[in-house]
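Hi there,

Here is the structure I promised to pass on. Have a look at it first, and then read my notes below.

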Amino acid sequence: TDTRAFTAAALSYLIQHSPKPSVITGAQHPIDLEDTDARVNLMDSLRFAASEKAHDVCVVFDGKIIAGTRAKKEHSKSYNAFASVNYPYLGMISDGRVLLYFEEPKEMGPVQFYHDMTASVGLVKLVPSMPADILDYVAGRCDAVIIEAFGVGGLPVYEHGSFFDVVHKWTREGKEFVMATQVAREGSNLAVYEVGKKVKEEAGVMEAYDMTLEAVLTKLMWILPQTKDAGQVKRLLGQCINRDILWTRK
């Protein structure tokens, strides 16, 4: 379960438009223990997978049905380990019955399978007084970097180095940057503060909006083997896949 959200998000990009469900589950306690949640989660997953209305990649855990791109592990020990972030639960399973809160039509067209993902995506989580050369180090070794910023997003200004200069330097070298937020819910909005507007307008930084970190990371890992063109990367990042993004701004 520790990497379950990454797995679900990655599969959402590798298997697209599938009329058949790919259901991911797990357990907080091993299946051979008396107090395990494994047996219940397994049975719930089978019930949901057998539903005629199930499709695409989903996580089933603790009676909850979560879109594969929206799952996030919020509890390290409790049975209710996973939540759906910035998107409603798709439904629930109770007393052996599947209840969908809303019905979404299955996408028409052939299922698409992808096989290539890159590991050349880095993540830098900003902390107060972090030196900018840390970002410089990561950007020099990755094709794309996600910056987990404070609040709605932006790059801080410190006396000992400019994050903006680092980003600007590497974007000219063809590296991609995506601004995300450390805040778990509601997403980024670089239009709010000057430190966000500047890095987006002048350095060409993209933003995660309401996508989870797990979705942004695996989406970039899926995009980069397909194209290195900045315009195409931006287009694909903003394209909604398996409910991963609700809104974007220009």
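A nonpolar core here is a set of buried Ala, Val, Leu, Ile, Met, Phe, Trp, Tyr and Cys residues joined through side-chain atoms within 4.5 Å. Buried means under 20% relative accessible area, exposed means over 50%, and partly exposed is in between, with a 1.4 Å probe and protein chains only. Please keep in mind that this is a predicted model: local features need pLDDT of at least 70, side-chain atom pairs count only at pLDDT 80 or more, and totals for chains, interfaces and linings use all residues. Residues are numbered from 1 along each chain as its sequence is written, and side-chain values use heavy atoms, with hydrogens and water left out.

Now to the cores. The largest nonpolar core has 24 residues, of which V121, I146, V178, V216, L220, W222 and L237 touch the most other members. Two or more residues each come from α1 (4-14), β11 (144-149), β14 (176-181), α6 (213-223) and α7 (230-237); these helices (H or I, at least four residues) and strands (E, at least two) are DSSP runs, numbered from the N terminus. Helix α6 is the top contributor to this core, with 7 residues. Another core, of 23 residues, lies apart from it and includes L126, L135, C142 and M179. C142 counts as buried because its relative accessible area is 13%.

For L220, the contacts (heavy atoms within 4.5 Å) are with T118, V121, A144, I146, V178, P225 and L237, leaving out residues up to four places away in sequence.

A10 is a residue of helix α1, and it is buried because its relative accessible area is 12%. With the sequence neighbours up to four places away left out, A10 touches M117 and T218.

What about disulfides, and how many does the structure hold? There are 0, a disulfide being a pair of cysteine sulfur atoms within 2.5 Å. For C58, the nearest cysteine sulfur belongs to C240 and is 13 Å away. C58 has 1% relative accessibility, so it counts as buried.

Happy modelling!
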